Every structure is written in C-alpha cells, then in structure tokens.
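Hi everyone, thanks for making time. I'd like to walk you through one structure, from the overall chain to the details. Have a look at it first, and then we'll go through it together.

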Amino acid sequence: MQSGQSSVLTLTATSNAAPGASTVVIKGQGAALSHTVDYTLNVGGTQPGNDPPDIAIANVQAHLTQFNTIATQNGGHRRAGSAGYTQSLAYVKGKLQAAGYTVTEQYCSSCTYPSNNLIADWPGGPADQTVMFGAHLDGVSAGPGINDNASGSATLLENALVLAQKNPTMTKHVRFAWWTDEEQGLNGSRFYVNQLSSAQRSAIKGYYNFDMVGSTNGGYFINNINSVTAAPLKAYWTSLNLAPEENTEGQGRSDDYSFQQAGIPTSGYAAGASARKTSAQASKWGGTANAAYDPCYHSSCDTTNNINATVLNRSADGVAYAVWKQAVGGETPAQDFSIGVSPAAGSTAPGGSLSATVNTSTVSGAAQTIALSVSGAPAGVSATLSPTSVQSGSSSALSVQVGASTAPGTYTLTVTGSGTVSHTTTYTLSVTGGGSCTPRQLVVNGGFENGSSPWSATAGVITSQSGQPPHGGSYKAWLNGYGSTHTDSASQSLTIPSGCSAYRLSFFLHIDTDESENVVYDRFTVSVGGQTLETLSNLNANSGYVEKSYDLARFAGQTVTLKFNGVEDQSLQTSFVVDDVTLQLS
C-alpha cells in the first residue's frame, strides 16, 4: 500500500489454541527502510500485564557508536554550538520523528554557545500530569563525550523508541528532553525552565535526569534517593541488590538542579565522575577502590571504550521501569506504593520536640490503604504517627517527643508502610546536649599556622610554599594546582551546639587558573555534614581573595565534617587556596 493508507489485521484463534500471550510482529518494508510494530495476542482471557520492557543494551551501544562517529567527523568533540552537537541533535531528532513523537527544537539565546534544546512529547496521557526524562546532549571540547553524556542521551533515546514501539495506554504524559550547554553551567535546561509559565511548571510532576550512566569504574547513585520521586529508580536497583547511594558528587552539577530550583520534584541516575570509589563501594559493587569512577572524565579518552556495559544496561532498564511505573497503564497492574519522610532528619535538645511529614504515593495500580508504624525510638523518646492509616497519595504527621532524660546521640527511626507490599523509610534523630549558647569560634587552626592538626588533609595541601600567597600569616590550604588529574581535600570534624541564634561559617578563597575556555574543567566544593554548600570552578577565578560565608544553623546540635574538596582535570592547572576559616557562634 501507499504510506498514509491502512490495512486490517485479522487474527483467528481455533478452539484448541493454547492459552497465553504471544507477540505478532507486523513489518512494513519500503524501498529504503523498514519498520516493525508489535501486537500482543492473549488467548484464554488472560489480560496483558504492566511489566516494564527490557531495554536492549546493544541498541543503546549502537547510539553511542553513532555519537562517537559524529565527534570523530567534527574535530573530535560534540561541544554545544559546534557542528558535532548539531549533528548529534539531528540524529536524535530523526529517530524520534520516525517513531511518532512531537519534536520541537528550542533555541537557547542566553547559552554560552547559543544552540538548541530538543524536546519530544509522546502523545497520550493528561497534559497537566507530565513526567519528564532529560539528559544533556553536549560534551566538552576535549573529547567525544561518550560517557559524559552520550550515555545518558542514548539511554533516553532507546527508552523513547521502545515506548513508541510498545505504544501502551498512558496514565501520565511523558516528555523527553536533550539539553544543550550543560557543560557551561546548566544553561540549556535553565533556559527551558525559565520559559515555562506557572501552569506549565505545575504540570510537571517529576523530572528525572541521567548524566554519566556508564562509568567504567562506576557506582550506583540516585539523586534525592529517599524522595517519593526517586522511588521507582530506587526500587529497580534495589531489586538487583545493588544498594544504591545518594549522588553527593553530582549535587547541583547537572540539569536536575534547574528544575529543583523551580520547585519541581527531581531524581535521576548517575554512575560517578572524577570522585574516587571507596573501599566499601568497591566491596559491594566491584571495581577499583581509590580510583575515579570515570578515569576519562572530560578527556579525549571518553570514547566508546570508556563505557561499562553492565552499569549502562542497569541504568537503561531502570529508566524503563520508572517510565512504566510512573506513566504507563495496563489492564491489571500490580498495586504498589512508595513512602518517604520530609525532612529526613531533625535535631533537638532533651525535652524538645520535632515534627516531619510522611508522604506516600501510588507507584502502580490503584490507590490502596497503607498501615503506618514507626520503630527504633530510644529510651525517653516517643514517636507517633497521625493518622496511622492512609490511602496511598496521602500523608501522615510524624511527631517526636524527646524526654528530658534522653541521652544525647544520633538515632534512626524507621517508618514502615504496609499494604499489598511493605516499604520503609528512615528519619535521623539527633539529641543534643542541650544548654544555652556560649558565643565563640569553633574551627581550630583555621589559619593553618599551627601545623596540620586537627585538619585531615591531602599531603602537601597545608603549606607555606611560595607560588600562592596566604590571606594572612604564612600558611594556607592550597588545593590542586598540578595541571594533571588530581583530587585534594582538607576537612575537620566540628561539634556544633544547639541554642545559639547565629552560626556563621566564613573563609577566604583565592582561585587561580590557566584555563582559558569558558568551560567548567576544575571544581571546588565546600560541604558540611555531607551536604554541599557551594560548588565553584575555574570560571570563578579571581585576582585576590574573596570572603565566602554560609549559615550553618540547620546543623545545630550535630557533629559534622567541614570539608573543602578540589578536583582537577588532566591539563592546565587551577589552584583553590583557602585561608582563615572560622565558624562563629553568637
């Protein structure tokens, strides 16, 4: 027939046809290419289930090969605004249009390298209930950018094509996005979010980001791992006994941050960048301890040889699981729910009280009744839930009362939800020593003038070496500056009392770099208690010292680690010099 016409498919089951499901493949062959579509036949009244499909890793790898070829043909890279980026976008766009997506290009006029985002909507599902899946399509100019981030782009492309092939009933609207200019500061995704109206933002019920999901020495990291939005991603990797962890390295460094800043719930997968795998992670996931998750991060060796197929496959299948559980309907999907608590931690002195909200969400099937309970409270602490039974999609109030005689310490309360299945989430309770505030300065040896104690620092970081001046005295903490792949850190444990009105962390920072491109290559992060306060880079270089200041009131009553961390790529030095660190209580 001519394209544009239709044909009637007639299937007849004889009386002795075997019960069960089978797949009929219809193939259309044209002069230049062919396409197939599946039809699921059920004999005997058995309805199809709602099981997510398996994503063929070979197909994802074929997309990676294409991206690598595009880079090779265009100066060795796919940087935003370059010919390599434009051809990468055209490749993805062509595949999506052929599959039946509504595809639009959005010109990012404010990007460092003005170029286009690519947005693809699959028809079906209510538009005011949209779930988005995104990845940045650009790379750095140093190499082909296959793990960073053709891996995320290819994973989403193949998932989009499989969704089109299966063409299931949609309970939510699904939108895929490929972002430009991420490497220059998340510019493409920020431009997209800023263009949304209030109603359009409200329609996006969750955004999932996939950045570097095939690292050769990779780990299994999830953004906002204990959130309701993360539940399907976490459920899939947990089903493989992977024990995923929070993506601390990537906090604020990829496109989910643009959505998070707009109040849109976010999550996503990552396998790690230049940070180093710990011994504990190597023990449970395999790989090499104390080596970078991706040894070719932002380098010319980030080719198709820089991919761990097992990690990539588990990421691709996890995306499919999330798409199906969040947005695909079926005749008789299994009932399931997720549970989370917000905030996930609290601190108070003996005699105090805390509250949090236990949130539930229907992951698949119909809403169900969930019985809630809480356990793990230490002597002197009572933890109650109101109500103790909710419909999935509703919430309950967690109230924690700390008795006057409760021993100081950190305790884990476990909230369990029981329905057709059971799920748990945790709340971390910190009981402080109580008392009033004594104004003082907490950081010891903050000017680095009295040796290294009590700092824990990489060898050579605390130094009086010439080349970078101190802010005061003779010593400073000089992180990086090698001009080669290197990670430096300096950290100190701090016990922060409760009862004060102000907790102000301050230090002076000088950034010196030989980098000349307007691209983030080397990064400096300051964190407290594992939470990133700010990430700076070679783009923040300055001629002198700049004072940085942060409010640490949320850490009152806790013992935390203050950490400065610098990560340098394989060429052109960037020095991060820290001096005169204080934490003033008042």
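So, the chain holds nine helices and 30 strands; both are DSSP runs numbered from the N terminus, helices being H or I with at least four residues and strands being E with at least two. With a radius of gyration of 26 Å, close to the 25 Å from the globule rule for 586 residues, the chain is as compact as a globular protein of that length. For that number, the radius is taken over C-alpha atoms, and the rule is 2.2 Å times the number of residues to the power 0.38.

Before going further, a word on where this comes from: the model is predicted, so local features need pLDDT of at least 70 and side-chain atom pairs count only at pLDDT 80 or more, while totals for chains, interfaces and linings use all residues. Residues are numbered from 1 along each chain as its sequence is written, and side-chain values use heavy atoms, with hydrogens and water left out.

Back to the chain. Its C-alpha trace spans about 85 × 60 × 45 Å along the principal axes. Of the 586 residues, 49% are buried, meaning under 20% relative accessible area with a 1.4 Å probe and protein chains only; over 50% is exposed, and in between is partly exposed. If you take contacts between residues at least 6 apart in sequence, 74% of them join residues at least 24 apart; a contact is heavy atoms within 4.5 Å.

Now the sheets. In general, strands of a sheet pair through backbone hydrogen bonds, either parallel or antiparallel. Here, two strands pair if DSSP finds at least two bridges between them. Strand 8, residues 221-222, runs parallel to strand 9, and two bridges join them; Phe221 sits opposite Glu245 of strand 9.

A second open sheet has five strands in the order 21-24-29-26-27, paired antiparallel. Strand 21 (456-457) and strand 27 (531-537) are its edges; each has a single partner strand, so one side of each is left without a neighbour in the sheet. Strand 26 (523-528) and strand 27 share six antiparallel bridges, and Phe524 has Leu536 as its bridge partner in strand 27.

How many disulfides does a search of the whole structure find? Two, taking a disulfide as a pair of cysteine sulfur atoms within 2.5 Å. In one, Cys108 and Cys111 have their sulfurs 2.1 Å apart, and both residues are buried. The torsion about that S-S bond is about 95°, so the disulfide of Cys108 and Cys111 is right-handed. The link of Cys296 and Cys301, also with S to S at 2.1 Å, is left-handed, with -120° about the S-S bond. Cys296 is buried at 11% relative accessible area, whereas Cys301, at 35%, counts as partly exposed.
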